[in-house]
Amino acid sequence: MSRVPLTRRDLLERCAVFGALVAVPALDIPAISAFWEQADALKPTPPNALGPFYKKRAPEARLLRMKTDAGMPLAVAGRIIDTRGGAVREATVEIWHADHGGHYDIAGYRFRAKLPLDAEARYQFDTVMPGHYPDRVCQHVHYLVTAPGHKPLITQLYFATDPVFEGDPDKTFTKDPLIQSRELVRPVRITGDPKEMYAAVNFELCMERL
Amino acid sequence: MIARALSLLFVLAVGAQGAAQKSIFTVKATADIADPVFAPRGDRIAADVGRDRICVWSALDGTLIQTIELPDRPAAKIFDAAGDELLVSLRNGTIQVRAVSTGAMVREIKADARQRTLALSRDGRLLATAAQERVTLWDSSGTILRRFAHDFGDVVNLAFSPDGSALASAGLDANVHLWDVATGRRKATVPGQLLANFALRFTADGKSLLIGGVAGAIEIVDVATATIARRLPAQKYAVFAIDVSPDGESIGAAYFDIDGMTRPAPVTVSQLDSGRLVRRTNPGVPYAIGFAPDGQLRYALIKGPELTVGVATPSATRRGGS
């Protein structure tokens, strides 16, 4: 017997077949099903430009920051889910960003990683706050998330504390013409002990099924 | 071409930095100029002027040849092999073919999305376009023949082999693929590519494919085996355009600064057979290059409404080989 759970669409359609739903003679089952699923769905994370500096074969790592690295320590954590809220455990998550000075490592893999996921598809990495550089307005981290049966998610994480936003990203996020969705600008919590402060950000990524 | 590349690579264009030291002409348009492209023969150059207009000039002396009014903003454009027709992809998804001599519409192709990358086979019978990661192959009447796709990210360049049997595609997924046009099958993926390539150019005999990108080195791919045959010394810049001289002996390349794409960057000329660097000049921010019929490599700079065309290879330098 199949162990595949029924979806709401399956349930509705099967009920219709067996006559369980008979209250409304003109019931449009597919329309109701679609409406129900839509109401139930989470919004996929908005895509954002891949940019020119993606590099294949980034090593699996969680700790990207070395003690000698300049810049504010940054801890990012999140989870990879689908539009039904389920964990996408089989996802591959690659991230890359510029160093504190705004330079991408082209020759090597500094500040580039493939992130390990736990059983709940949670990820985390420790790095430094990316720097600004001449051709981009805002600090950002690139994400490439792929998973079987899902549309590849290419997006970027931005930081509400970026001076460019002048403390009000709701009004100023379009200062970077590449940011077309406010939700990519994430709150930043400054935490840690006084000797070792760091910025902490949560960024959950929601993938679309194919 | 670089303006298109830069828009894909999220750059805010600010125009060329500094003046060209070896400029041969500067033209001033009525509005800001963007996205210059040379014709394959290098004798004509087209650029966007303002929002809905393209001007075509002689790349030899700057004479205005045609002004083409468009119904929408252009997203990409290329000349045909002879430079007689200009193919313009509009943001509304249509591709118009315009006669350069009159500006008149020759034909129009309706695509389902904005095509940001274009390539035309030498005989003009095949057109390849790309929208995001999807490549579409068309015949000259606008019928879709094939569809290909990269894994993810935008396809940033396409090139047909001289006989039209193969199509090369380069994407931001850091892949360069070779496709069999007749079957639609992927023949090969160029090995060893870890970073994005932006420049693709087949040699005239079709035996080699020159590629270049973020890694900074021009690599010469043996098409038959899809292996890297040779690698020219890397510059500390990313390659965004490559051209081959009419005699097939020289490679021209234009670069951008990885740490600031609107910073000055070089234009180089190297010997194809030895890989030796013959000439390196720093004209400002090069936006396009093309070998002219006289064998000189021209580059284009833009600054507001001004388009400057300069020469990277004075004849005397090439003759002297220094």
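**Notes on the two chains**

1. Strands β8 (residues 94-99) and β9 (residues 105-110) of chain B run antiparallel and are joined by five bridges. Strands here are DSSP runs (E, at least two residues), numbered from the N terminus, and two of them pair if DSSP finds at least two bridges between them. B:I95 has B:I109 in β9(B) as its bridge partner. Five residues lie between the two strands, and in this hairpin B:G103 takes a positive phi near 80 degrees.

2. A word on the basis of these notes. This is a predicted model, in which local features need pLDDT of at least 70 and side-chain atom pairs count only at pLDDT 80 or more, while totals for chains, interfaces and linings use all residues. Side-chain values use heavy atoms, leaving out hydrogens and water; residues are numbered from 1 along each chain as its sequence is written, with chains lettered from A in the order in which they are written.

3. Chain B also has an open sheet of four strands, in the order β10-β11-β12-β13, with antiparallel pairing. At its edges are β10 (117-120) and β13 (144-149) of chain B, each pairing on one side only. Neighbouring strands of this sheet are turned by 15 degrees against each other on average, direction ignored; the axes are lines fitted to C-alpha atoms, and angles run from 0 to 180 degrees between N-to-C directions.

4. Within that sheet, six bridges link β11 (residues 126-131) and β12 (residues 134-139) of chain B in the antiparallel sense. B:L127 is paired with B:W138 of β12(B) as its bridge partner.

5. How many residues of chain A are in contact with chain B? There are 25, and they meet 23 residues of chain B, where contact means heavy atoms within 4.5 Å. The area buried between the chains is about 2000 Å², 70% of it from carbon and sulfur atoms; this is accessible area (1.4 Å probe) lost on putting the two parts together, summed over both. A:P52, A:K56 and A:D135 supply 33% of the area that chain A buries against chain B, more than any other three residues.

6. A:R209 lies in the segment after β10 (205-207) of chain A and A:D82 in strand β1 (residues 73-82) of chain A, so the pair ties together parts 127 residues apart in sequence.
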